[in-house]
Amino acid sequence: MPLFENGQITENGWQLAQEGVALPEGDVLVPLSRLAEGLGRNGAGRLGVVLEPADRVESLREALPRLALVCVTFGSFRDGRAFSQARALREHLGYAGTVRAAGHILPDQYEFLLRCGVSQVEIPQGSDPAVWQAAHTRFTVAYQPSVLDEKPEGTGLRRWLRS
């Protein structure tokens with residue numbers, strides 16, 4: 001699947017580990033169940049892990065310094081657990097590597113993903129990149145804090161609500 005990063009299509013050089021098959025050389029994404037196996041590789045490329053919506057981010061605490069990528073997965077566009085996982089990786093665990101979102105994602109969710117700490121999104125094959133680029137620039141004001149280095153707007157609105 002193509003990747004969308006910084007408002008542009010980018011190449012995906014990562015291989016997804018297949019169940020029951022030895023881990024390939026090069027950059028590989030493993031499911032959480034195979035993380036220990038991936039950590040045991042020596043000099044074989046970068047390592048990433050795929051989190052399913054029910055996986056606990058805290059289980060990665062010890063491994064995070066050795067992970068180049070964490071992929072959070074959306075089972076449905078209505079399931080927001082991957083937003084929480086991405087935010088927890090950045091805010092609570094201090095993860096500075098790449099956070100990728102995959103699965104059932106809508107272009108309208110792109111800006112929210114960025115605000116939660118996602119840096120790459122797997123977009124469906126055949127998607128129009130212009131739709132994703134438009135979603136990236138559609139919102140220019142935010143009312144809530146994010147992991148991005150920005151100040152939320154709307155302090156006047158908060159003041160009005162308190163009065």
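C116 is buried, with a relative accessible area of 12%; buried means under 20%, exposed over 50% and partly exposed in between, using a 1.4 Å probe and protein chains only. C71 also counts as buried, at 3% relative accessibility. The disulfide count is 0, where a disulfide is a pair of cysteine sulfur atoms within 2.5 Å. Such a link is a covalent bond between the sulfur atoms of two cysteines.

The model is predicted: local features need pLDDT of at least 70 and side-chain atom pairs count only at pLDDT 80 or more, while totals for chains, interfaces and linings use all residues. Residues are numbered from 1 along each chain as its sequence is written, and side-chain values use heavy atoms, with hydrogens and water left out.

**Overall make-up**

- The protein has 5 helices and 8 strands. These are DSSP runs numbered from the N terminus: helices are H or I with at least four residues, strands are E with at least two.
- Along the sequence, the elements follow the pattern β-β-β-β-α-β-β-α-β-α-β-α-α.
- Of the 163 residues, 40% count as buried.
- The accessible surface comes to about 9,300 Å². Carbon and sulfur atoms hold 53% of that surface. Areas come from the Shrake-Rupley method with a 1.4 Å probe; for residues, only the protein chains shown count as cover.
- A contact means heavy atoms within 4.5 Å. Among contacts between residues at least 6 apart in sequence, 49% join residues at least 24 apart.

**The sheet**

- The 8 strands form an open sheet with mixed pairing, in the order β2-β1-β8-β7-β6-β5-β4-β3. Two strands pair if DSSP finds at least two bridges between them.
- At the edges lie β2 (8-10) and β3 (15-16), each pairing on one side only.
- β3 pairs with β4 in the parallel sense, over 2 bridges. L16 has L29 as its bridge partner in β4.
- β4 and β5 also run parallel, joined by 4 bridges. Here P31 stands opposite V50 in β5.
- Strands β6 (residues 69-74) and β7 (residues 98-103) run parallel, with 6 bridges between them. V70 has V99 as its bridge partner in β7.

**Strand β4, covered on both sides**

- In a regular strand the side chains alternate between the two faces of the sheet.
- Both faces of β4 are covered. V28 and V30 are buried on one side, L29 and P31 on the other.

**Helix α2 on the sheet**

- Helix α2 (residues 81-91) packs on the sheet and touches β5 (47-51), β6 and β7.
- The direction of α2 makes about 160° with that of β6. Axes are lines fitted to C-alpha atoms, for helices over the stretch in contact, and angles run from 0 to 180 degrees between N-to-C directions.
- The buried residues of α2 are A82, F83, Q85, A86, A88, L89 and R90. They pack against β5, β6, β7 and α3 (110-116).

**Nonpolar cores**

- A nonpolar core is a set of buried Ala, Val, Leu, Ile, Met, Phe, Trp, Tyr and Cys residues joined through side-chain atoms within 4.5 Å.
- The largest core has 36 residues. L60, L67, V70, L89 and V121 have the most contacts inside it.
- Elements giving two or more residues to this core are β4 (28-31), β5, β6, α2, β7, α3 and α4 (129-138). The largest share, 5 residues, comes from α2.
- A second, separate core has 6 residues, including L29, V50, L69 and C71.
- V121 touches P2, L3, F4, A101, I105, Y110, L113 and W132, leaving aside residues up to four places away in sequence.

**Around β1 and β2**

- N6 lies in the loop between β1 (3-5) and β2. N6 counts as exposed, at 63% relative accessibility.
- Phi of N6 is near 55°, a positive value in a residue other than glycine. Most residues other than glycine have a negative phi.
- T10 is placed in strand β2. T10 counts as partly exposed because its relative accessibility is 27%.
- T10 touches L3 and E5, not counting residues up to four places away in sequence.
- T10 and E122 are 112 residues apart in sequence, and 9.8 Å apart in space, C-alpha to C-alpha.
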